[in-house]
Amino acid sequence: MHIVLLGNTSRGVVNFWRVLVENLRVAGHRVSVFVPAGDADADTAIRAMGVALFHYPLDRKGLNPVRDMGTLAALYRLFRREKPDMLFCYTIKPVIYGCLAARFAGVRCRFAAITGLGYMFEADSASKKVLTALAALLYRLALRGAAAVFFQNREDQEVFEKSGIVTPAHRAVLTRGTGVDTAHFAPTPLPPDAPVFLLVGRLLEAKGLHEYAGAARILKASYPGVRFQLLGPSEQGRGSVPLESVLEWEREGIIEYLGQTEDVRSYLAAASIIVLPSWREGTPCSVMEAMSMGRPAVVTDVPGCREVVSSGVNGYLALPRDPLSLAEAMEYFILHQEDIASMGAASRNIAVEEFDAHKVAVHIMRVMGLCP
């Protein structure tokens, strides 16, 4: 079979879907990857997987209908030219415009992965409610006739069902996120001395950056030797946290900003506990990667995050958008440092048993009818 994997960045394919691509190739299928241009190193890594790579235009966060129609047209031309048997797409715009273009181009087997609800489903204002309604309409059109829709947690599936996007006529399937390559993210020794907390994520409000800074400020007052690190690329536009705000936290002495990286493993190895006070996730890859390396986690009790952390077993849950609750959950590891190793070992076991990327890939391929 000829399968197209359609995403919004080439780096995302390398970091999150590489194992699926490898499993498809081992099973004898031909794979093409459609992504926007802009990351030459990641493009090289994709080509090294033995797959064909094609670029298409995408304004990831913009709401310009002319640009989005340009994306739809470009994808339609690609599908008509490459004539794939199947489409597997993920993230909001690739799912919407990819499924529509593939349907118009005659690609009969279309699979969509909902990796999170994103900004447009945070309906806490009039403008966002309009965006939510628009996104729901576009999703309904795009997913009509889809062979299956993959969800990473039950709550996201329920949102799509209540919005009428997914109906009983659809085949809705739960997966364990994208999974984590447990061999690549192997266990490492814990750092010595005082605990080091690390948040890995883009500089977005919805990742809980303000709450993390607030919790760090609270804890620094009592435990000045404890470190609070932040790793992730800056963002522009709606919902972003300005880089200057992050640098101000650093000047205040509460946060260490580590910039961005193409390989998080050395940073995870230097940390004691992973933190993600997100407002909502699909299934958080950064937490799964840290778990695979033997780190406990402090996350918010929200969809996606609560799927990876069992409170008191491999970490603790905090209330969302609540710096004090987050600080209290993090403080446990400052006061009980002897539990970091045991909870980290529990994280590793959970990652291997439940979130291994090869198991996730086989599950997805079975749903797609590509393996027994």
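Helix α2 is covered by several elements: what lies over its buried residues includes β1 (2-6), β2 (30-35), β4 (86-90) and α14 (357-367). Cover is counted by contact, meaning heavy atoms within 4.5 Å. The model is predicted: local features need pLDDT of at least 70, side-chain atom pairs count only at pLDDT 80 or more, and totals for chains, interfaces and linings use all residues. Residues are numbered from 1 along each chain as its sequence is written, and side-chain values use heavy atoms, with hydrogens and water left out.

**Helix α2**

- The helix spans residues 18-26, and its buried residues are Val-19, Leu-20, Val-21, Asn-23 and Leu-24.
- Buried means under 20% relative accessible area, exposed means over 50%, and partly exposed lies in between (1.4 Å probe, protein chains only).
- An α-helix has 3.6 residues a turn, so residues three or four places apart point the same way.
- Gly-28 follows α2 and has a positive phi, near 95°.

**Overall build**

- The protein has 14 helices and 13 strands.
- These are DSSP runs, numbered from the N terminus: helices are H or I with at least four residues, strands are E with at least two.
- The radius of gyration is 21 Å, which agrees with the value near 21 Å for a compact globule of 372 residues.
- That radius is taken over C-alpha atoms, and the globule rule is 2.2 Å times the number of residues to the power 0.38.
- The C-alpha trace spans about 60 × 45 × 40 Å along its principal axes.
- Of the 372 residues, 55% count as buried.
- Among contacts with a separation of 6 or more, 71% come from residues 24 or more positions apart.
- The protein exposes about 15300 Å², and carbon and sulfur atoms supply 55% of it.
- Accessible areas come from the Shrake-Rupley method with a 1.4 Å probe; for residues, only the protein chains shown count as cover.

**The open sheet**

- An open sheet of 6 strands runs in the order β10-β9-β8-β11-β12-β13, with parallel pairing.
- The edges are β10 (256-257) and β13 (315-318); each has a single partner strand, so one side of each lacks a neighbour in the sheet.
- Two strands pair if DSSP finds at least two bridges between them.
- β8 and β9 pair in the parallel sense over 5 bridges.
- Val-200 has Leu-231 in β9 as its bridge partner.

**Aromatic rings**

- Rings of Phe, Tyr and Trp (its six-membered ring) pair if their centres lie within 6.5 Å; planes under 30 degrees apart count as stacked, over 60 as edge-to-face and the rest as tilted.
- The count by this rule is 12 aromatic pairs.
- Phe-151 and Phe-160 are edge-to-face, because their planes stand at 80°, with ring centres 5.3 Å apart.
- Both Phe-151 and Phe-160 are buried.
- Phe-197 and Phe-228 are stacked, because their planes stand at 5°, with ring centres 5.4 Å apart.
- This pair links distant parts of the chain: Phe-197 lies in strand β8 (residues 196-200) and Phe-228 in strand β9 (residues 227-231), 31 residues apart.
- Phe-197 is buried at a relative accessible area of 0%, and Phe-228 is buried at 1%.
- One aromatic cluster is formed by Trp-17, Phe-88, Tyr-90, Phe-111 and Phe-150.
- The charged end of Arg-321 sits over the ring of Trp-279, 3.6 Å from its centre.
- A charge sits over a ring if NZ of Lys or CZ of Arg is within 6 Å of the ring centre and within 35 degrees of the ring normal.

**Ser-240**

- Ser-240 is in the loop between β9 and α9 (243-252).
- Ser-240 is buried, with a relative accessible area of 17%.
- Not counting residues up to four places away in sequence, Ser-240 touches Leu-203, Leu-204, Glu-205 and Glu-235.
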